[in-house]
Amino acid sequence: MEINIRPYSRGDAKQIFGLFQKYTKYKRDASFWTWMNRILSDSIVVVAEEEGNIIGHYAILPRTCVLNNGLELKAGLGVHAFVAPDRRNEISIFSISSLAYKLAKEKGIDFVYGFPNQNYRLIQEKIEKWKRVSLF
């Protein structure tokens, strides 16, 4: 069984929010998906898929940041890093996020920021070399 890391394809949304509904307490349904990934922005979404089943996900929501001096930077808010708990020994979130970062760079995004949970924060700091600004 091969795990394929790939960009979002039309029709993936139902499996993605199903993944969140199955494994988390947060409500992630079709309405949320549309609001988050299509109304707020044209997001960059990457999934891990095995035999037609999505087992992991990461998204970057493009944003524009304007600095005090008027300089505009293209930024991306990294959200919903997730791998199905029973598959975490087979695939790392780093494999998924790496493709998302590559696609973001191709779209001209200058930097990605986020508010990760404590588990993913450690991966971002140690493996992905994110710089911590503050802990909330």
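# Exercises on Contacts and Burial

Both Glu50 and Arg87 are buried; a residue counts as buried under 20% relative accessible area, as exposed over 50% and as partly exposed in between, with a 1.4 Å probe and protein chains only. The structure is a predicted model, in which local features need pLDDT of at least 70 and side-chain atom pairs count only at pLDDT 80 or more, while totals for chains, interfaces and linings use all residues. Residues are numbered from 1 along each chain as its sequence is written, and side-chain values use heavy atoms, with hydrogens and water left out.

## Exercise 1: The overall fold

Task. State how many helices and strands the protein contains, and in what pattern they follow one another.

Solution. Step 1: the protein has 4 helices and 5 strands, taken as DSSP runs numbered from the N terminus (helices: H or I, at least four residues; strands: E, at least two). Step 2: along the sequence, the pattern is β-α-α-β-β-β-α-β-α. Step 3: the protein has 136 residues, and 40% of them count as buried. Step 4: of the contacts between residues at least 6 apart in sequence, 59% join residues at least 24 apart, a contact being heavy atoms within 4.5 Å.

## Exercise 2: A salt-bridge network

Task. Determine which residues are linked with Arg6 in a network of salt bridges.

Solution. Step 1: a salt bridge joins the side chains of Arg6 and Glu49, at 2.9 Å from N to O. Step 2: this pair links distant parts of the chain, since Glu49 is in strand S2 (residues 44-50) and Arg6 in strand S1 (residues 3-7), 43 residues apart. Step 3: Glu49 is buried, with 18% relative accessible area, and Arg6 is buried as well, at 12%. Step 4: the network is made up of Arg6, Asp12 and Glu49.

## Exercise 3: The aromatic cluster

Solution. Step 1: the structure holds 4 aromatic pairs. Step 2: the rings of Phe20 and Phe82 have centres 5.4 Å apart and planes at 45°, so the pair is tilted; rings of Phe, Tyr and Trp (its six-membered ring) pair if their centres lie within 6.5 Å, and planes under 30 degrees apart are stacked, over 60 edge-to-face and the rest tilted. Step 3: Phe20 lies in helix H1 (residues 13-23) and Phe82 in strand S4 (residues 72-83), so that the pair links distant parts of the chain, 62 residues apart. Step 4: Phe20 is buried at 7% relative accessibility, and Phe82 is buried at 9%. Step 5: Tyr23 and Phe82 also form a tilted pair, with 6.1 Å between the centres and 40° between the planes. Step 6: Tyr23 in helix H1 and Phe82 in strand S4 are 59 residues apart. Step 7: Tyr23 counts as partly exposed, at 30% relative accessibility.

## Exercise 4: Helix H3

Task. Compare the span of H3 with the expected value, and examine the pair Lys102 and Glu106.

Solution. Step 1: H3 has 14 residues and reaches 20 Å from its first C-alpha to its last, close to the 20 Å expected at 1.5 Å a residue; the expected span is 1.5 Å times one less than the number of residues. Step 2: Lys102 and Glu106 form a salt bridge, with the closest N and O atoms 3.1 Å apart. Step 3: both residues lie in H3, 4 residues apart, about one turn of the helix. Step 4: Lys102 is partly exposed at 49% relative accessibility, whereas Glu106 is exposed at 55%. Step 5: the buried residues of H3 include Ile93, Ile96, Leu99 and Leu103. Step 6: Gly108, with a positive phi near 85°, follows H3.

Notes. A salt bridge is a side-chain nitrogen of Lys or Arg within 4 Å of a carboxyl oxygen of Asp or Glu.
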